[in-house]
Amino acid sequence: MAKKREPPSIKELPDTFLDHETYGYPRTFDPNFKGPVAKSKVSSQVHSSSSRGIEIRITNRSCTDVLCCIIFILFIIAYILLGLVAWVHGDPRRVAYPTDSKGHFCGQKGTPNENKTILFYFNLFSCTSPSVVVNLQCPTTQICVSKCPEKFLTYMEIQFMYRTNKHYWMYYSQFCKSPFVKPAKTVTQVLLDDDCPIAIFPSKPFLQRCFPDFTTKNGTLTVGNKTIFEDGSGKKRNAIELRRAANRVNKILDARAIGMKVFEDYATTWYWILIGLTIAMLLSWLFVILLRFTAGFLFWVFMVGVIGIIGYGIWHCYQEHSNLQGRPNSHLTIYDIGFQTDISMYFQLKQTWFAFMIILCLLEVFIILMLIFLRERIRISIALLKEGSKAIGYLPTTLIYPVLTFIFLSICIAYWAVTAIYLATSGVPIYKVISPERTCKHENTTCNPEIFNTTEIARVCPGAQCNFAFYGGKSLYHQYVPTFQMFNLFVFLWLINFIIALGQCALAGAFASYYWALKKPDDIPQYPVFTAFGRAIRYHTGSLAFGSLILALIQMFKLVLEYLDHRLKEAQNNISKFLQCCLKCCFWCLEKMVKFFNRNAYVMIAIYGKNFCRSARDAFNLLMRNVLKVAVMDKVTDFVLILGKILVAGCIGVLAFLLFTHRLPMMIEGPTSLNYYWVPLLTVIIGSYLVAHGFFSVYAMCIDTIFICFLEDIERNDGSAERPYYMSQSLLKILNEPSMQTKKH
C-alpha cells in the first residue's frame, strides 16, 4: 500500500483554490489552476484512504438550503391538511352516482332511489340546445329509474290504451316523477307541470344513463326497428335526430361497442402483454450492456447512412435538374410564377432543384467538416457511452431505482386525483334556471326546485326548468375551493419534480462513487444507491426542493397560459394569438433549459454537497468551459438512446404483430378470435417503449454524471503520480489534448 501523504501547511487558501474537502485529501496549491473555484478550508474529518483514492465528501456534509427545506415541509403539511379538509367536506359519491334534477343520487343505498340506479331523460330532443355546451346540463327533467324503456309509447297513446288495459299505464307511470292513478292530465298540462315524459323510446343503460337503442339495418340507422316515429307532441322524428341529441349528452356513445370489444381483447391477451413487457425489459438490459462494445459502431454506421442519404439527395436533385433541360417554362424563376397553391408547379422549375442541390451540398460539407474537426470529441463521447455501460454493469441495482420512482409518482398522482375529486364534490346542490331556447332573461340564475313552479320566473319563462347544476356553497371554505384546487395542482407539480430530482441526485451519487474509485470495482463503496439516496434525503432535501420549485413555477405558468388560451380562444384576434404563441414558445424553451441546468446541478450536489445555487453555478461554469464537448456528448447520447428505445419497441412490436396476426403458427400459437389485434399490439409497443425509457433514463443519468466527473478530472488532475487521473484506461488513451500536454509539462 502506498504511503499516505501528509497535507501541506496551509495558512489561507485563495479563492482560486479547488474544494479539497470533496476528494478526501488536500492538494498543493496550483497558481495556474483555472478549474471550478470554491473557497474552503481543509478538514481532517474528511473520510479518506489512499487505497480508495478520491471519494465523495460524506462526513463533512451539512444540510443545504435549509429555508427552502422548511418551506417545502410546511407546504407538504398544508397539502395533507387540505386533503383531510376536502375528505371531510367532499363526497365522491357525487362522481360515482348520476344525479337527478333534484340533486338526489341514483342507486345510493339507504335512500328511496336505492333500486333506481339509472338516470332517465324526459325529452332527449331538448339536449340539442346550445345550453348543453354552456351549462354542461341537458335542459330537461332527469329522474332515477330502475330500468330503461323497452318500447315506443307516447302519452297520448297511453290515454287511449288506459281505457282498455290499465297495464300500459302502470308500465308508463314508472318513468314519471311521482305515481299517478290514471293519465287524466292533458298533453299541454303534462308539459307545463313536467310530471311525465310525453314519449319514451326503446333504450339501453350506458354509463348508468338511458340512451336510445340504436341499430343499423342495411346501412340505415334505426331505433327499435323504426326509422321514423312520433315524439309525443304531434311531430314526426327520425333516428338521426335522436342520435344527434344523444351525442350531445355523451360524446362517447359511439364507443360503447368498441369499448366492450377492447375489454374482451385485453382479457384474452393480458398474459401475452406481460410476456412482451418482460422481454422488453430483458432486451433493454441487454442493449445497455452491449453498448460497451457497439456504441461506436452504431454511431458511425448512422453517420455513414446520413451522409449516404444526403448524397443520394444531391444526385437526385442533379438528375431532376438535368431532365428539365429544354422543357418549356422550366427556365422560369420562383419570382416569375409568384405564390401558387399547387406546390407541384415549383417542382417543374430548374431553379427549385438547383436550390435543393445547393442546400444539400452545404449540409453534406458541414457534416463532413464537423466529423473531421470534432472527431476527437466524438471519440471521447463514444468512450463515455461505453464507460456508462460498464458502470451500470458494476452497479446493477441502479436499474431497479425507476421502480421506486414509479411508486412515488403513483402515490402523488393518486393523492392529487383523490383530493381534486373531494374538492370538486364539496358543498351542497346548487340549482340553476335552464330554458331550452336560452330566451329566458333569468337563465343561469340560482333557484329553488321546491317552489320554482310558484315563482315569477316560471310564469315569465314558460318551459324553463330549475335543475341541478353543481355542488357549491356560500361558506368561506366553499368560496375558496377554486383556490384550493390551484394549490392542489401546484404542490402536485412541486412533488412530482422533487421525486424526479431525488432520483437524479441519488443515481448521480452512486455513479460518481464509481468514477472516483481508483481501483474499479474494488474501491466502489458498498450499497452505493442506498447510500446516495440517504445522503440526498438527509442533507439536500432543501436543495432538491429549491430546484424543483423553480421548475414547478414555470410549469404552473404554462398551464395558466393553456387555460387562458382555451377560455379565450374565440375572443382572440391574430395579434393576441401571436403573442400567446410566443409566450408558450418562451416558456417551453425556459422549461427545457431549467431542466438541463437542474440535472447538472443535482450531479454537483451529489458529489460536493453544496447548496443549489453554488452547484448550479459550478455546473454552468464547467459546462461552458467545455461547450463543444457538451454539445457533441449531448447529441451522441440522444442518438444512441433514441435508437435503443426504437430498437426495443420495434423488436417487441414485430414479434407481437406476428403473434397476434397468427403469422407464427409453426412456432407458437397466439390468441384467437381477437376483435382488434391492434389494441394489444399498440399496448405492447407503447409499454415496451416506456420500459426501455425507464432503463435508458438511468443510463442517461449515468452518462451525465460520468461526463461531469470526467470534465472535473481533466481540470483538477494532470496524470502525474501526485495527481493521477481517475478515468478508465480507454478514456485515458483517447485523451490527448494540447491543454493536457501543457499541464503535464
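The chain exposes about 40,300 Å², with carbon and sulfur atoms supplying 65% of that (areas come from the Shrake-Rupley method with a 1.4 Å probe, and for residues only the protein chains shown count as cover). Of its 745 residues, 45% are buried, meaning under 20% relative accessible area.

This is a predicted model, where local features need pLDDT of at least 70, side-chain atom pairs count only at pLDDT 80 or more, and totals for chains, interfaces and linings use all residues. Residues are numbered from 1 along each chain as its sequence is written, and side-chain values use heavy atoms, leaving out hydrogens and water.

You'll find 23 helices and 12 strands here (DSSP runs numbered from the N terminus: helices are H or I with at least four residues, strands E with at least two). Take α10, residues 350–373: its end C-alpha atoms are 35 Å apart, which agrees with the 34 Å its 24 residues should span at 1.5 Å a residue (the expected span is 1.5 Å times one less than the number of residues). Buried residues in α10 include Trp 353, Met 357 and Leu 371.

## Who lines the second largest cavity?

The second largest cavity is lined by Arg 377, Ile 380, Ser 381, Leu 384, Lys 629, Phe 707 and Phe 710. Helix α11 (375–394) brings the largest share, 4 residues, and α21 (678–716) also supplies at least two. A cavity here is a set of points on a 1 Å grid over the protein atoms alone where a 1.4 Å probe fits but cannot get out; lining residues have an atom within 4 Å of a point.

Notes. Buried means under 20% relative accessible area, exposed over 50%, partly exposed in between (1.4 Å probe, protein chains only). On a 1 Å grid over the protein atoms alone, a cavity is a set of points where a 1.4 Å probe fits but cannot get out, and a pocket is an open set with protein on both sides within 12 Å along at least five of seven lines; lining residues have an atom within 4 Å of a point.
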